[in-house]
Amino acid sequence: IMSIFGEVPQAAPVAVFKLTADFREDQNPRKVNLGVGAYRTDECQPWVLPVVRKVEKMIADDHSLNHEYLPILGLPEFRSSSSKIALGEDSPAIKDNRVGAVQCLGGTGALKIGAEFLRRWYNGTDNTKTPVYVSAPTWENHNAVFSNAGFEDIRPYKYWDAGKRGLDLEGFLGDLESAPDHSIFVLHACAHNPTGTDPTQDQWKQIADVMMRKSLFAFFDSAYQGFASGNLDKDAWAVRYFVSQGFELFCAQSFSKNFGLYNERVGNLTVVAKDQDNLNRVLSQMEKIVRITWSNPPSQGARLVAITLNTPELFAEWKDNVKTMADRVLLMRAQLKEKLKALGTPGTWEHITEQIGMFSFTGLNPKQVEYLVKEKHIYLMASGRINMCGLTTKNIDYVAESIHEAVTTVQ
Amino acid sequence: MSARSVFDGAVFMPSQRKLLEDFKRDTHPDKVNLAGREYVGEHGHTTWLPLVRKIKQQIATDPTLTPEHPPILGIPEFTRRATELALGKDSPAIMESRVFGVQTVGCTGAVRLGAELLRSCYCSSSSWSGPILLSSPCDDSLAGTFKAAGIEDVQYYRYWDAESNGVCVENIVHDLENAPEQCVVVLFASGHRPTGAELSQEDWKRVAEVMVKRQLFPFFLIPAQGLCSGSLEQDAWPIRHCVSLGLELLCAQSFSHNFGLYGERVGHLLYVLKQNLLAVQSQAEKFVQTLWSCPPMEGARVVATVLSNPAHLVDWQESVKAIAERCMLIRERLRERLRLLGGPWHWDHIIKPGGLYCSFGLNTQQVEFLVQKKHIYLLPNGCLNVSAINSRNLDYVAESIHQALSSKL
């Protein structure tokens, strides 16, 4: 008897999950996983932030908590404190009452709600033809989120220059200039995924100039605030600059990495509008969109983040925990570069310490990557992207030597 | 940049929570909120079951639990137990490996995910847009959820019958007999919102027969398994019956009500298929990634812990039964009060169904009277949440309803 779903095709597996699955099955004792997108300690373990442990217990023991559904737009104290983290405590836009937010299911959820809103209400009504630009390369899920929200025209903008292993600013600016007015641009707020390469402040200014002139919409994806440099304000510079220039924008924030809350799906979509009236209309429509997507967001993670951000001692402890993670990544970057230089590995390796955040685009080609995976049991993405968190003081020599081998023996 | 906002085109949307906001602002000492979705206890609040609190505390202090991304489709132990709960542990469909489950963000998330799958895969179409049949009435967000997924053709079958103050199976069978072949039908296994009205097992057999005959596809909703009859098996009977007839189906489950885990958004989408399981599963993964990437762990962990542990399971089943019994008791006491207050009306329809929701057959003016003059908030269609009635407000509610019906409105 035929199934109604008999002809459903198999969807391609997500590359990074397949990589992790292969890593798990590998029996080699020296195996290293440089593919996963999560923080690891020097013992290669996931890390529950000490402040998170503390607040988790507080929540579990709190008998006064309300157990109802959260409001559709989310926990109010979470939304406002999260937006403050992105825009700054004394943001003029916040003072002007033109900043609002929607609690979402992680960064993905925030992108989803923002995309669904823009498709319905931006650049006309239900205009599915507004071009959406994502960086080349970008996080593999960006395309799917916007396309599933109904956008028909998703294009790449030049970003990574493989030749010079850095930002292709000229290409980027060129694509901005040639984009139709009102196009949407998905910008990585800091610690670009997967290249780890961010524009400098000066370069951001140039980007903002063109975007202002051509009325391009800035949709920031901020998944690594604090995690990139170790400093929350520094990592938020680009978003705040755009706000100071008068842009209306969205910022999809994720607290997965900087709180280590991958499993509780804590995200926030910050909305900056021209004025309060516009903001209210936007939020009212977003409420409607949330209601038919997941109805109400989950409470656990949002409560945890809200309590932490709103309690001075806990906030300080959290910033410290974040710096711990960022510092370990910076240390691994410095050490990897040193070891490659010491080994005399051909090529330049400055980009390893110039790049920022969790990921580094090593510049290794697919054949070299294959060599590392198959021969050395070092798992990384075919693009040459590595997760610095997968490096530890115990495996860094092995990895450096293996990269050296790959570069010198495989062309 | 121009002085105009890029959001100029966005129209203001009045909040659907208006009723709740009005209630919050109301300062009348006797105000009662009977329009809420959550189960509230005798004390008037939602609460975690004691077992739930205990397990949450265990989770918070468990050093072995790591904050990793859960699998896209959710915690395997959770989906396994949720599936068993709906179908029964020894369901042939489970034995035959024709089922899989996805942990979702609440029941709404399950419906949305199911809708996305239907749109992209149903009837070998890459863009199926309906028709889908919903009950009349049903939760306000249901139609919107299907439409948001691209299923534009939403139609209704008659469910609530004002004449009999209950559900009329003749109407349902008639409407399904005349439905387009192969259309999808949303069915409430139990806990229909907003009416609370239920079909008997005999009724279900007739409905299922039509579904098979006309090749209609069932999309079950079971928002409060166990809370309606007090029995987990009985509340899930309609689903199990359809599976036994060989029907393929989707089933959206919620653990909000029966665990009191409203805030944690614990839902499950169950797929029962004839074949091609892996391919459909891979498509489900694809859609999950465009919605929320992977689901939140906390609530599902609690549910999985309870459902996997025999002692916890018994404890939980008793809590669920207690909730169901309290709801039934409130209905009986309300009926008794109303009967004593006199008048030509009959109140048996209040006690017929179980669970949280109840339709009183009040008209718009009567509802408005209750809200405006008596500060008793219920849904515009006259449906209410019985759990919010307690020993302190029972008399006031009964008298007010009596008044609403008696006055010339």
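Visitor: What makes the space of about 340 Å³ a cavity and not a pocket?

Guide: In this predicted model, the largest cavity has a volume of about 340 Å³. The term applies because a 1.4 Å probe fits at its points but cannot get out, whereas a pocket is an open set.

Visitor: How do you know which residues line the largest cavity?

Guide: A lining residue has an atom within 4 Å of a point of the cavity. By that criterion 23 residues line the largest cavity, and Arg37(B), Cys107(B), Thr108(B), Asp139(B) and Pro223(B) lie nearest its centre. Helix 5 (106-121), helix 6 (140-148) and helix 10 (256-259) of chain B each give two or more residues to this lining. The largest share, four residues, comes from helix 5 of chain B.

Visitor: Which residues lie closest to the centre of the second largest cavity?

Guide: The second largest cavity holds about 140 Å³ of space. Its lining has 17 residues, and Glu56(A), Asn263(A), Leu65(B), Pro67(B) and Arg301(B) are the closest to its centre. Two or more lining residues come from helix 2 (50-61) of chain A, and likewise from helix 12 (298-308) of chain B. Helix 2 of chain A gives the largest share, three residues.

How values were computed
Residues are numbered from 1 along each chain as its sequence is written. Chains are lettered from A and ligands numbered from 1 in the order in which they are written. This is a predicted model: local features need pLDDT of at least 70, side-chain atom pairs count only at pLDDT 80 or more; totals for chains, interfaces and linings use all residues. Side-chain values use heavy atoms; hydrogens and water are left out. On a 1 Å grid over the protein atoms alone, a cavity is a set of points where a 1.4 Å probe fits but cannot get out, and a pocket is an open set with protein on both sides within 12 Å along at least five of seven lines; lining residues have an atom within 4 Å of a point. Grid points are joined across faces, edges and corners, and a volume is the space filled by probe spheres set on the points.
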